[in-house]
Amino acid sequence: MEASFAQWAELTDAYARQLTAMQLGVAGARDEATRLAREIQQLVRGPVPPGDWLGPMASAPRP
């Protein structure tokens with residue numbers, strides 16, 4: 001369990017950095033944040049089907 005928590009903490013820290021990068025307009029930050037979000041969800045609840053990681057927001061158009 002300790003290794004899983006450490007991995008979760010590392011992933012969530014990386015995700016937070018990508019959110020900041022998105023605010024700053026860094027190219028590729030959104031894609032990396034999406035990848036990290038899927039990885040976090042897989043860690044906490046198992047594999048996530050494509051398009052499901054956002055739940056009801058999955059069908060929302062991108063700005």
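**Salt bridges in helix α2**

The structure holds 2 salt bridges. One of them joins the side chains of R35 and E32, with a distance of 2.7 Å from N to O. Both of these residues belong to helix α2, where they stand 3 residues apart, or about one turn of the helix. The other links E39 with R35, and here the closest N and O atoms are 2.6 Å apart. E39 and R35 likewise both lie in helix α2, with a spacing of 4 residues, again about one turn of the helix. Through these shared partners, the salt bridges join E32, R35 and E39 into one network.

| Residue | Relative accessible area | Class |
|---|---|---|
| E32 | 27% | partly exposed |
| R35 | 41% | partly exposed |
| E39 | 26% | partly exposed |

R35 counts as partly exposed because its relative accessible area of 41% falls between the limits of 20% for buried and 50% for exposed residues. The value of 27% places E32 in the partly exposed class, and E39, at 26%, is also partly exposed.

Helix α2 spans residues 29–45 and includes A37. This residue has a relative accessibility of 11% and therefore counts as buried, since the buried class covers values under 20%. A37 and L11 are separated by 26 residues in sequence, while their C-alpha atoms are 8.3 Å apart in space.

**A nonpolar patch on the surface**

Three residues, F5, W8 and V44, form a nonpolar patch on the surface. Together they present about 330 Å² of accessible area. Within this group, W8 is found in helix α1, which comprises residues 2–23. W8 has a relative accessibility of 35% and so counts as partly exposed.

**Summary**

In the predicted model, E32, R35 and E39 of the salt-bridge network are joined by shared partners.

Note on methods:
Residues numbered from 1 in each chain as written. Predicted model: local features only at pLDDT ≥ 70, side-chain atom pairs only at ≥ 80, totals over all residues. Heavy atoms only, no water. Patch = residues over 30% accessible without salt bridge, like charges linked within 9 Å, V, L, I, M, F, W, Y side chains within 5 Å. Areas by Shrake-Rupley, 256 points an atom, 1.4 Å probe, with all protein chains shown as cover. Salt bridge = Lys/Arg side-chain N within 4 Å of Asp/Glu carboxyl O. Helix = DSSP H or I, 4+ residues; strand = E, 2+ residues; numbered from the N terminus. Buried < 20%, exposed > 50% of the residue type's maximum accessible area, 1.4 Å probe, protein only.
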